[in-house]
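Q: Could you take me through this structure? I would like to ask about it piece by piece.

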Amino acid sequence: MAENTDVVVIGGGYAGVRAANRLTQRDDVTVTLINPRPAFVPRLRLHQLVGGSHDAVVDWGRW
């Protein structure tokens with residue numbers, strides 16, 4: 001029987017989301033991402049929010 005590994009990633013910034021997404025590609029790993037915000041905020045796009053051409057939040061499922 002294959003053993004499953006539970007991983008907790010604390011922080012949903014760029015590195016945390018990247019790490020969590022990479023780990024979910026493995027069949028033997030279960031990932032829990034802990035973040036205080038309900039959506040990802042790509043800080044590189046905040047100028048588009050101010051200009052009115054883009055939202056500054058992205059659903060977690062898209063990352």
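Q: Among contacts in the protein chain between residues at least 6 apart in sequence, what percentage join residues at least 24 apart?
A: The figure is 40%, where a contact means heavy atoms within 4.5 Å.

Q: What kind of model is it, and how are residues numbered?
A: The model is predicted: local features need pLDDT of at least 70, side-chain atom pairs count only at pLDDT 80 or more, and totals for chains, interfaces and linings use all residues. Residues are numbered from 1 along each chain as its sequence is written, and side-chain values use heavy atoms, with hydrogens and water left out.

Q: Which secondary structure does the protein chain have?
A: The protein chain has two helices and two strands, in the order β-α-β-α along the sequence. Helices (H or I, at least four residues) and strands (E, at least two) are DSSP runs, numbered from the N terminus.

Q: How many of the 63 residues are buried, as a percentage?
A: Buried residues account for 19% of the 63 residues. Buried means under 20% relative accessible area, exposed over 50%, and partly exposed in between, with a 1.4 Å probe and protein chains only.

Q: Turning to α1, which of its residues are buried?
A: In helix α1, residues 14–23, the buried ones are Gly16, Val17 and Ala20.

Q: Why do they lie on the same side of α1?
A: They are on the same side because they cover an arc of only 95 degrees around the axis; the arc is that of the directions from the helix axis to the C-beta atoms. On the other side of α1, Ala15 and Arg18 are exposed.

Q: What covers those buried residues of α1?
A: The cover includes β1 and β2, the latter spanning 29–34.

Q: Is Tyr14 buried, partly exposed or exposed?
A: Tyrosine 14, which lies in helix α1, is partly exposed at 39% relative accessibility. Its C-alpha atom is separated by 8.9 Å from that of phenylalanine 40, 26 residues apart along the chain.

Q: Where is asparagine 4 placed?
A: Asparagine 4 is in the segment before β1, which covers 5–10. With a relative accessible area of 39%, asparagine 4 is partly exposed.

Q: What is asparagine 4 in contact with, leaving aside neighbours within four places in sequence?
A: Asparagine 4 is then in contact with Asp27, Asp28, Val29 and Thr30. The C-alpha atoms of asparagine 4 and valine 29 are separated by 5.6 Å, although these residues are 25 apart along the chain.

Q: Which side chain does asparagine 4 join in a polar contact?
A: The side chain of asparagine 4 has a polar contact of 2.7 Å with the side chain of threonine 30. The asparagine 4 side chain also reaches the backbone nitrogen of valine 29 at 3.3 Å. A polar contact is a pair of N or O atoms within 3.5 Å; within protein, one must be able to donate a hydrogen and the other to accept it, and residues adjacent in sequence count only if both atoms are side-chain atoms.

Q: How many salt bridges does the whole structure have?
A: The search finds one. Arginine 26 pairs with aspartate 28, the closest N and O atoms being 2.8 Å apart; a salt bridge is a side-chain nitrogen of Lys or Arg within 4 Å of a carboxyl oxygen of Asp or Glu. Arginine 26 is partly exposed at 45% relative accessible area, and aspartate 28 is partly exposed at 28%.

Q: Last topic: is proline 38 buried or exposed?
A: Proline 38 is exposed, with a relative accessible area of 76%. Proline 38 sits in the loop between β2 and α2, the latter being 46–51.
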